[in-house]
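Colleague: I would like a close look at a single part of this protein. Please set it in the context of the whole chain.

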Amino acid sequence: MSAKETHIHQGFNQSRRVFLKQSSALGGGLMLGVSVVHPALAQVKVGAVDNFNPNAFIHIAPNGDTLIYCGRCEMGQGISTALPAAVADELEADWARVTVKQADGDEDKYGSQATGGSASIRTMYIPMREAGAAAKEMLIAAAAKVWATDVKNCKADKHVVINTLNQQKLGYGELASLAADMPVPAQPSLKTKAEYKYIGKGLARHNQGDIVVGKLTYGVDTKLPGLKYAAITHCPALGGKLKSVANKEQAMQMAGVIDVVEIPRFEVPFGSIGGVAVVADNTWTAQQALKKLNIEWDLGKNGSYDTNAYKAMLVKNVENPAKLVAERGNLQQAFDDAAHVMKATYTGGHLSHSPMEPNASVVWVQDDSCEVWAATQSPGDIQKTLAEYFKRDPKDIVVHVTMSGGAFGRKFKCDYVHEAAVLSAKVKAPVQLTWSREEDMRTGYFHSINAQHIEAALDQNGNVSAWLHRVAFPPIASLFNPAQDRATDADVAEVANHPFGIANLRSESGEAPAHTRIGWYRAVYAIFYGFAFGAFADELAHQNKQDTVEFLNRLYDSNTDPKQAELVKRSKGVLALAAEKAAWAQRDSLPSNQGLGIAVHYSFNTYAAMAVLVEVNGDDIKVLEVCAAIDCGQVLNIDGATAQMEGAVVMGMGYSLRTEIVFRNGEVQNTNFHQYPVLRINEMPKVQVHFVESDYPATGLGEPGLGPFASALSNAVFAASGKRYRDLPFKPMAI
């Protein structure tokens, strides 16, 4: 051993004795709260808060076992694996020794925890990586202090720090307490792509085993001592009022019934619309007692709402001049000079979120506390809503976020939590409120019913010289301002910002007052914008007697705006990948009753193309295969990302082929899944998912796959049968 090595070894032994003594005194490991501000967070729009300061809380126990808290809400999309794995990668943690725990609602610690808009990956990917990298540098600094050496002589790998001069090792558990005294790096160094161990790989979900055997606690699984159970019904028409409740005595005489409670409407966007609830000692008794009540409602001004008549009104509103939103060029001159003009109107009905787990929460309101257990996409909104109702500080509302059995935007709204809180305060006990499937389908929030009318001018060379696009749909903004009777300019901005290169364009917004609650639904407006753009482009290509892929490329190549160069390049990239993998060039060799359709759409900062193969026999449409091409920048978890696209196909097939919420006389006519059928496993097509290899920043995956699906399916049906479908769903059920 050299003199230098002997000195280092002796220094290590002496420092280690002191170090281990200090570690032993602390005993409980270390919670590293690493705050890292990132400029990407300034782009967050949904539920953003001032001074966003995200924290990745990494608890390293004395034995080295590591706990990472996930601040975003897990609802099946895999976020609680993807983001913590990014932390673990930069931390150089052994994934087998990492446990992930869902964080409680706390915006001071975690920033906005609103989980929606496909924004979690896009906004949290870099900050979470920086948090892991910072913790790693603190652990390395602690080891260097023990060894009395320069940090340059130390490296981290699989839960240990290694002294590269003598290969001595210290585990993360040994170092955790000393690392607490190290300064937090202001700009921690991040790994290069070639160094990733978990990012971009196919990690199984961290809780997959517990999901399979039913160990996870969902919203409906929470149990507390003295827990009471509730069932509820609401006025079927938005804005209606309770007139009377009869047979209360009969309901109260049932064994186990505790109370019948009338809940008034709470005039906040996510508060209760007002209802009647029964509290009992079990859910079944509460549900049966509720049925005994004779409830009379005043349906109010929306008591005549009829979706067939409303959709016809929307069509009329878009097929006539409407409010100008944006324009460029000389639209009228282009139409006057056109060699051919094409027109088409596309429509779609209301959609219900219908997650497999209905709305459920447990709330315990006491004189000095309020505690919530809920499957929620936005614990912060629960805190704000209950604080306003009870006149308390939002920080006094403790929200435990449970696993959510599906959400799709529905559990962003916390009316079902507010109602449980009202009931808990009334009966002075913890209350679990579970909406029945029928109640959720009847009185929940709905995706916008919509109509779009497009007129395009083609010049002598078959180029699209002008595009007039009118839209009409009740906007989500109506939740916050009931006077908002048409889509906002921001809602319609996607039309003018679409990367097709069209010199003369005009977008307009038609009147569309809301007659029910309109809420965020997976992919939101990209569902119907993607349908209209993708289907109409295929119609234009057919009119031009041109291959759809070639025609789409022609539209993109006409875009000379340098600000949209990346949009054009990456849109063309996913289109080419989908066409290649789906064997688009060989589509003419398909049997006569089969057809291949393709479409591409950009939404939520992600580029998606779908190619759909169908077989059509009369009115029977069978989806055989779907090929998806996605450019979402850096993929975090290839397994989870693939599942997102497969899930988009499942949901896309549902709303494209048959699901639609129907209102008559102000009331929803669909009562359960027999009238709102979700996809069955025997109907599931083969799905291929291909990701563009990219060094672009990571973007979202929860929603972009829905944008191009319906149009690709419609185009495929046309290729197989010659029939165009312009209304979603293609084959609505007779209800």
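In which sense do strand β3 and β4 pair, and over how many bridges?

Modeller: The sense is parallel: strand β3 (residues 66-70) and β4 pair over five bridges. Two strands count as paired if DSSP finds at least two bridges between them. I68 has V100 in β4 as its bridge partner. Strand β4 covers residues 98-102. V98, V100 and Q102 form its covered face. T99 and K101 form the uncovered one.

A word on the source. This is a predicted model, in which local features need pLDDT of at least 70 and side-chain atom pairs count only at pLDDT 80 or more, while totals for chains, interfaces and linings use all residues. Residues are numbered from 1 along each chain as its sequence is written, and side-chain values use heavy atoms, with hydrogens and water left out.

Now the whole protein. It has 19 helices and 30 strands, which are DSSP runs numbered from the N terminus (helices H or I, at least four residues; strands E, at least two). The radius of gyration is 28 Å, close to the 27 Å from the globule rule for 735 residues, so the protein is as compact as a globular protein of that length. That radius is taken over C-alpha atoms, and the rule is 2.2 Å times the number of residues to the power 0.38. The C-alpha trace spans about 90 × 75 × 45 Å along the principal axes.

Of the 735 residues, 59% are buried, meaning under 20% relative accessible area with a 1.4 Å probe, protein chains only. Among contacts with a separation of 6 or more, 78% join residues 24 or more positions apart; contact means heavy atoms within 4.5 Å.

Terms used: Buried < 20%, exposed > 50% of the residue type's maximum accessible area, 1.4 Å probe, protein only.
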